[in-house]
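This briefing covers pockets and sheet architecture. Please read it alongside the sequence and the coordinates.

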Amino acid sequence: MATIKANTGRENVAMLGIGAYRPSRVVTNDEICQTLDSTDEWIYERTGIRSRRWISGDESARSMAVAAAERAISNSGVPREKIGAVLLSTLSWKTKIPHGAPQIAYDLGINGVAAVDLASGCSGFGYGLGVAADMVRSGSSEYVLLVCVETLSIVLDPTDRNTAFIFGDGAGAVIVGPSEENGISPTVWGSDGENAEAIGQSYDIIEYMDRAQEMQALDPTDAPLDRMVVTMQGPRVFRWAAIALPKALSTTLEESGITADDIDVFIPHQANARINELMKKNLGLRDDIPMANDIEQTGNTSAASIPLAMEEMLASGKAQGGQTALLLGFGSGLSYAGQVVTLPPAPKETSL
């Protein structure tokens, strides 16, 4: 029998650089409440959100993704020609065909590398980081660029009290590659398809097209249906999170081989400030441990949430490169993914 060659990689991997992009338009709660029947106080008390960023002008998912990636490459010091793969984690790219990663690679001047999209919602960074680390460990690529981007402002119903004030736009990216000491723990990830519909969209693609055709058959001048928008059953998601996330966090620590006392920084997905405070308390983390609170000014940016929050903490000095951080993303799917990581160096080129 012929012997098939296998890749050989590096056991130790880490995030070598981080980059981010935040849209220029700042949307306050007061502006949201010009359409939504709510108040700034109500939104802040329940979510911790004061404002969020939405794209405007020439900004798009593609332009933000490329800008964040350029900063990650620059901050890492890794020559772009050594990047062997681009992973794009997003749920709001405007097309399924073509997918976005090859376009980002082209824009970065590395056309031809492996390039693929991942769709795991708010746990997208954790899933992407797990895949990127395993690619380097296996020898599939020496360096991997992971880009997370969302333009959720374009899939929101401005009158929906469950979603209209929660989501924002932005992009974050990291370079993953070999390191002297391991800086990314085994990924703890999982899903619950039984509760998948707790976060969804108003139409599936087939239903949308069928109904649009019906409307145009009645009157060819009719416009297509209203655009598809994000839907969420808040109480159902909260109940799932209350059960799934404590176990996910404790298992992440166990798999990393360290304890809560070893954690320097806590960077959870920026879904709800109150939920994050509760997770920190229940996990037994020290009171003085810095915890990401990017949600206050950026909102929930789904897959981009954790890298944006990480970049903000490093750029502002709330966290330092080389510190040990606990990460956990969770959301649509329903799914979650967590790691313990060594933080990359503070960015020289920042989004702040």
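The model is predicted: local features need pLDDT of at least 70, side-chain atom pairs count only at pLDDT 80 or more, and totals for chains, interfaces and linings use all residues. Residues are numbered from 1 along each chain as its sequence is written, and side-chain values use heavy atoms, with hydrogens and water left out.

**Largest pocket**

- The largest pocket holds about 940 Å³ of space. A pocket is an open set of points on a 1 Å grid over the protein atoms alone, where a 1.4 Å probe fits, with protein on both sides within 12 Å along at least five of seven lines. Grid points are joined across faces, edges and corners, and the volume is the space filled by probe spheres set on the points.
- Its lining has 30 residues, and Leu-91, Ser-92, Trp-93, Lys-96 and Gln-201 lie nearest the centre; a lining residue has an atom within 4 Å of a point.
- Two or more lining residues come from each of β5 (114–118) and β9 (199–201), and β9 gives the largest share, three residues. Helices (H or I, at least four residues) and strands (E, at least two) are DSSP runs, numbered from the N terminus.
- The lining of the largest pocket comprises 14 nonpolar, twelve polar and four charged residues. Ala, Val, Leu, Ile, Met, Phe, Trp, Tyr, Cys and Pro count as nonpolar, Asp, Glu, Lys and Arg as charged, and the others, Gly among them, as polar.

**Second largest pocket**

- The second largest pocket has a volume of about 550 Å³, and among its 24 lining residues Ile-166, Met-232, Gly-234, Asn-272 and Ile-275 are the closest to its centre.
- The elements giving two or more residues to this lining are α2 (40–47), α7 (234–256), α8 (273–283) and β12 (324–331); the largest share, five residues, is from α7.
- By class, this lining divides into 14 nonpolar, seven polar and three charged residues.

- An open sheet of five strands runs in the order β1-β7-β6-β4-β5 with mixed pairing, where two strands pair if DSSP finds at least two bridges between them.
- β1 (13–21) and β5 are the edge strands, each pairing on one side only.
- From one strand to the next, the twist averages 20°.
- Strands β6 (143–151) and β7 (169–178) pair in the antiparallel sense over eight bridges; Val-149 has Ala-171 in β7 as its bridge partner.
- Helix α3 (61–76) lies across β1, β4 (83–89), β6 and β7, at about 135° to β1. Contact means heavy atoms within 4.5 Å; axes are lines fitted to C-alpha atoms, for helices over the stretch in contact, and angles run from 0 to 180 degrees between N-to-C directions.
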